[in-house]
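Here's a quick briefing to read with the model open in your viewer.

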Amino acid sequence: MIKGKPIVASIVGARPQFIKLAPVAAHLKAVSRHHIIHSGQHYDYDMSDTFFDQLRLPSPDINLNVGSGGHGRQTGRILERCEKALISLRPQMVLVYGDTNTTLAGALAAAKMGIPVGHVEAGLRSFRMSMPEEINRRMTDHISSLLFYPTPTARKNLTTEGIKTGLVNSGDVMYEILHMCLSLVKNRKSLFDEIGIVPGNYILVTLHRAENVDDPKRLSSFVSILRNIEGPKVFPAHPRVKNAIRRFKLTKEVASIPDLILCRPQPYIESLALISSARTVMTDSGGMQKEAFFLGVPCLTLREETEWVETVTRGANTLVGLSHTKIMRALKKRPTGSVRLGKYKVRGQAPSAIIAEAVAKFLDTR
Ligand code: UD1
């Protein structure tokens, strides 16, 4: 049995992980000496610091400063530098979040050192192994001791792959943090004037997945789709898509699209405010599909499949890929059913409280 509070390290590095970490960090403080390791995968102010500030996250204890790079280089650098960080922090457990290169490298570094891993948002599958995220999440799940799954589908995916121990029905931490921030979202009314849009009268667009952005043909067809959509379109551009637009010489074409407002990546509260007042959300982001679903806003997902199948079966999300026909048809159609904000707790407990409790219990019995 561990004497005193155990040491737990959370390893994060990309935008969606800072969001997931926020509620968990608050609860882990009560049961552990909690350290945050930032891989440095995302490093721009808009992609990192703004989330720490807005979500009142404690500053990372260690920043590995890996920056961008190819998958091998980025994952390898995180793995190597994480090992050093874990040697100095000596945690009894490591928590990783989601499905980025930081998730896999952090989990691998810990598992190889014999440190048990807890995976927040375990069990999600797209069943498309060409996606880097699918590789990351599968590998991470198979080396984790605690698997915090958010949906019954995620649980089923894990058991089908033979993972039967350490499963914890935590619910969804992204749903929880959204609830916690709702009043701030409602107060962010000036945003619409700042951007120059009328609430309810615009489409919110985001695109950042490698399979959509790094292929010039797919990116060009996305740009011509945007041109054909009437009315205001707000497009907060991830650096990956901004760079690709420049690289594939599409800058002039994008600039000439009528009613397109291209803006910087938005902080968390602003992003939720933009989703909640959008006519429709068009995105390839996993997080935004869910946020649109939670906020009752119809979503068109610019992919062929989704890990969040419930959003589709409940009629709030339509998979359209980058098909002009499917997108135009879906934009004309009234959504068959959207889901209003319901309960985010599981058996009366918040997801982050369930995670912290399970971590404490797990370490107590070792
Ligand atoms: C990563 C995740 C993806 C997640 C996304 C959230 C992987 C494999 N992918 O994708 O699952 O949905 O984060 O945003 O881990 N860049 C900057 N500044 C930054 C960060 C990135 O300019 O602060 C640019 C660089 O040119 C970089 C590119 O964006 O090469 C891509 O960044 P990277 O972290 O490799 O992947 P994401 O596309 O952000």
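The buried residues of helix α14 are G286, G287, M288, Q289, K290, E291, A292, F293 and F294. Buried here means under 20% relative accessible area, with exposed over 50% and partly exposed in between (1.4 Å probe, protein chains only). Helices (H or I, at least four residues) and strands (E, at least two) are DSSP runs, numbered from the N terminus.

Some ground rules: this is a predicted model, where local features need pLDDT of at least 70 and side-chain atom pairs count only at pLDDT 80 or more, while totals for chains, interfaces and linings use all residues. Residues are numbered from 1 along each chain as its sequence is written, and side-chain values use heavy atoms, with hydrogens and water left out.

**Helix α14 and its ends**

- With 9 of its 9 residues (286–294) buried, α14 is largely enclosed by the rest of the structure.
- At the start of α14, a side-chain oxygen of S285 comes within 3.2 Å of the backbone nitrogen of G287. That's a polar contact, meaning a pair of N or O atoms within 3.5 Å; within protein, one must be able to donate a hydrogen and the other to accept it, and residues adjacent in sequence count only if both atoms are side-chain atoms.
- Just after α14, look for G296, which has a positive phi of about 75°.

**Aromatic pairs**

- There are 7 aromatic pairs in the structure. Rings of Phe, Tyr and Trp (its six-membered ring) pair if their centres lie within 6.5 Å; planes under 30 degrees apart count as stacked, over 60 as edge-to-face and the rest as tilted.
- F18 and F51 make a tilted pair, because their ring centres are 6.4 Å apart and their planes sit at 45°. This pair ties together distant parts of the chain, with F18 in helix α1 and F51 in helix α2 (residues 49–54), 33 residues apart.
- F18 is buried at a relative accessible area of 0%, and F51 is buried too, at 3%.
- F293 is buried at 11% relative accessibility, and F294 is buried at 6%.
- Ring pairs also join Y175, F293, F294 and Y344 into a cluster.

**The sheet around β1**

- Seen as a whole, 7 strands make an open sheet in the order β3-β2-β1-β4-β5-β6-β7, with parallel pairing. Two strands pair if DSSP finds at least two bridges between them.
- At the edges are β3 (62–63) and β7 (167–169), each of which pairs on one side only.
- Strand β1 (residues 7–12) has 6 of its 6 residues buried, so it is largely enclosed by the rest of the structure.
- I7, A9 and I11 point one way from β1, V8, S10 and V12 point the other way, and all are buried.
- β1 runs parallel to β2 (residues 33–38), and 6 bridges join them; I11 has I37 as its bridge partner in β2.
- β1 also runs parallel to β4 (residues 93–97), joined by 4 bridges; here V8 has M93 as its bridge partner.

**The ligand site**

- The ligand has 21 residues around it, and H42, Y43, N101, E133 and H238 come nearest. A residue is near a molecule if one of its heavy atoms lies within 4 Å of it.
- By class, that shell has 5 nonpolar, 10 polar and 6 charged residues. Ala, Val, Leu, Ile, Met, Phe, Trp, Tyr, Cys and Pro count as nonpolar, Asp, Glu, Lys and Arg as charged, and the others, Gly among them, as polar.
- An N or O atom in the side chain of Q41 is 2.9 Å from a ligand oxygen. For R240, a side-chain N or O atom is 2.9 Å from an oxygen of the ligand. N101 uses a backbone N or O atom, 2.8 Å from a ligand oxygen.
- The protein covers 88% of the 750 Å² of accessible area that the ligand has on its own. Accessible areas come from the Shrake-Rupley method with a 1.4 Å probe; for residues, only the protein chains shown count as cover.
- α1 (15–31), α3 (71–89), α5 (132–142) and α11 (239–247) are the elements that give two or more residues to the shell. The largest share, 3 residues, comes from α11.

**A loop proline**

- P258 sits in the loop between α12 (251–255) and β10 (260–263), and counts as partly exposed at 46% relative accessibility.
- P258 and I229 are 29 residues apart in sequence and 9.1 Å apart in space, C-alpha to C-alpha.
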